[in-house]
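Good morning, colleagues. Please look at the sequence and the structure first.

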Amino acid sequence: MESIDQRISYYKDSDIFGRYITNSDLELFIERKGLSNEAILLGSSIENKSIYGFSFGTGSIKILIWSQMHGNESTTTKAVFDFISLLKSTDIKSKDYLKRINFLIIPILNPDGAERYTRFNATGIDLNRDAQNLSQPESKVLRKAYEEFKPHFCFNMHDQRTIFSAGETKYPATLSFLTPAFNKACDLNESRDRSMRLITCIEQGISDLIPHRIGRYDDAYNLNCVGDTFQSLGTPTLLFEAGHYPEDYQREKTRRLVYYALVLAMEALITNKIEKASTEAYFQIPENKKLYFDILIKSVSVLNPELSGDLGILYKEILVNNSIQFKPYIAEEGNLSEYYGHSEFDCLLLSDLENLKNNKELGKILF
């Protein structure tokens with residue numbers, strides 16, 4: 001089986017790395033890539049930071065892509081930078097995409113939240129719950145872009161937490177997708193049908209690289225969410241969720257997979273592969289479950305008699321000096337036999353017990 005690195009050759013911007021991605025990175029990216037002609041100032045955030053859009057291509061298929069509406073969800077932003085690098089290259093794929101597709105790309109919709117590394121904007125509003133009220137300038141920027149551009153497809157780019165498994169399995173959901181609902185009954189209409197077909201094309205093209213690690217996000221209807229709103233307005237909308245790949249907390253492997261998912265989507269559209277795909281295959285993608293901890297410690301009383309059963313530990317992501325630090329905390333204690341850990345220790349095993357005793361970071365919360 002090919003590795004991710006062997007399969008996916010791409011135009012990674014090596015200056016963009018890690019989890020903390022802000023407008024400063026975007027503005028340097030514009031300068032390095034010579035994007036001043038493609039960059040559009042769409043508006044400003046609460047704190048008067050610029051919200052940039054990028055226009056590429058002259059094709060008849062219009063695709064609106066936005067990322068980092070949640071400021072601490074930056075993996076898809078990195079993938080979008082890489083995709084823009086492809087579009088600016090001399091690659092034959094780029095020429096084909098630009099001829100057949102018209103892109104409007106918003107890499108960072110929530111620059112204030114990105115600066116703070118928080119889900120919310122500067123006034124504490126979740127922009128993905130503001131699609132109806134449009135109470136925030138960032139929400140108004142996205143809606144205006146949607147109404148003026150009139151896309152045929154919308155790509156809503158997010159990160160998901162490390163807690164998700166791909167169904168009730170031992171496999172983490174490295175990528176998840178969703179075609180949002182347009183009504184409470186989660187009915188199927190032409191818009192959902194087309195977005196399901198496109199997701200199916202992506203899943204079939206990438207599943208052999210990450211077998212069993214692709215999930216389907218919950219489609220509970222909420223018209224306050226942007227995806228549900230755009231779907232209800234008749235535009236096929238796809239939610240991309242970048243998740244955990246083993247030992248990849250900086251999400252550089254996942255970044256590459258999201259980039260490849262974008263490439264697969266374009267290929268499906270320009271070759272009409274989407275027309276042959278089935279909606280049934282979409283529903284065969286397992287729905288995400290919350291079965292993972294970052295660290296699972298079994299039989300913890302052997303280590304500390306004041307604790308009992310198993311310990312489920314999660315990382316809290318903390319911004320320190322312009323980088324993200326991962327601080328462990330106890331999320332759950334008890335019988336966790338139905339759960340999994342991205343790292344697992346069993347205190348009944350001498351080697352695991354010694355490793356835990358020597359782990360200074362975990363020792364702070366275990367003793």
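Helices here are DSSP runs of H or I with at least four residues, strands are runs of E with at least two, and both are numbered from the N terminus. This is a predicted model, in which local features need pLDDT of at least 70 and side-chain atom pairs count only at pLDDT 80 or more, while totals for chains, interfaces and linings use all residues. Residues are numbered from 1 along each chain as its sequence is written, and side-chain values use heavy atoms, with hydrogens and water left out.

Let me begin with a single position. Met196 lies in helix α7. Is Met196 buried or exposed? Met196 is buried, its relative accessible area being 0%; buried means under 20%, exposed over 50%, and partly exposed in between, with a 1.4 Å probe and protein chains only. Setting aside residues up to four places away in sequence, Met196 touches Thr179, Leu188, Thr279, Tyr282 and Phe283, where contact means heavy atoms within 4.5 Å. From Met196 to Gly309 there are 113 residues in sequence and 42 Å in space, C-alpha to C-alpha.

We stay with helix α7 and consider its packing. The axes of α7 (residues 190–206) and α9 come within 9 Å and cross at roughly 125°. Axes are lines fitted to C-alpha atoms, for helices over the stretch in contact, and the angles run from 0 to 180 degrees between N-to-C directions. That angle makes α7 oblique to α9; angles under 35 degrees count as roughly parallel, over 145 as roughly antiparallel, 65 to 115 as roughly perpendicular, and the rest as oblique. On the α7 side, the contact is made by Leu198, Cys201, Ile202, Gly205 and Ile206. On the α9 side, Leu257, Tyr260, Ala261, Leu264, Ala265, Ala268 and Leu269 take part. By class, the residues of this contact divide into 11 nonpolar, 1 polar and no charged. For these classes, Ala, Val, Leu, Ile, Met, Phe, Trp, Tyr, Cys and Pro count as nonpolar, Asp, Glu, Lys and Arg as charged, and the others, Gly among them, as polar.

Helix α9 also packs with α3. The axes of α3 and α9 come within 8 Å and cross at roughly 50°, and the two are therefore oblique to each other. In this pair too, the crossing is right-handed. Which residues of α3 meet α9? They are Thr75, Thr76, Lys78, Ala79, Asp82, Phe83 and Leu86, and they meet Glu252, Thr254, Arg255, Val258, Tyr259, Leu262, Val263 and Met266 in α9. This contact divides into 8 nonpolar, 3 polar and 4 charged residues.

Helix α3 (residues 75–87) has a further partner in α2 (residues 23–33): the angle is about 15°, with the axes 12 Å apart. The two helices are therefore roughly parallel to each other. Leu26, Phe29 and Lys33 in α2 meet Phe81, Ile84 and Ser85 in α3. Here the residues divide into 4 nonpolar, 1 polar and 1 charged. Asp25 is also in helix α2, and beyond four places in sequence Asp25 touches Ile16 and Tyr20.

We come now to the core. A nonpolar core is a set of buried Ala, Val, Leu, Ile, Met, Phe, Trp, Tyr and Cys residues joined through side-chain atoms within 4.5 Å. The largest has 63 residues, of which Ile63, Phe83, Phe103 and Phe155 touch the most other members. Its largest share, 13 residues, comes from helix α9 (residues 252–270). Leaving aside neighbours within four places in sequence, the contacts of Ile63 include Phe103, Phe149, Phe155, Met266 and Leu269.

Finally, two asparagines in loops. Asn272 is found between α9 and α10 (279–283), and its phi is near 65°, a positive value in a residue other than glycine. At 42% relative accessibility, Asn272 counts as partly exposed. Asn321 lies between β12 and β13 (323–334), with a phi near 50°, again positive in a residue other than glycine. Asn321 is exposed, at a relative accessible area of 74%.

Methods
Left-handed = near helix turned anticlockwise from the far one by under 90°.
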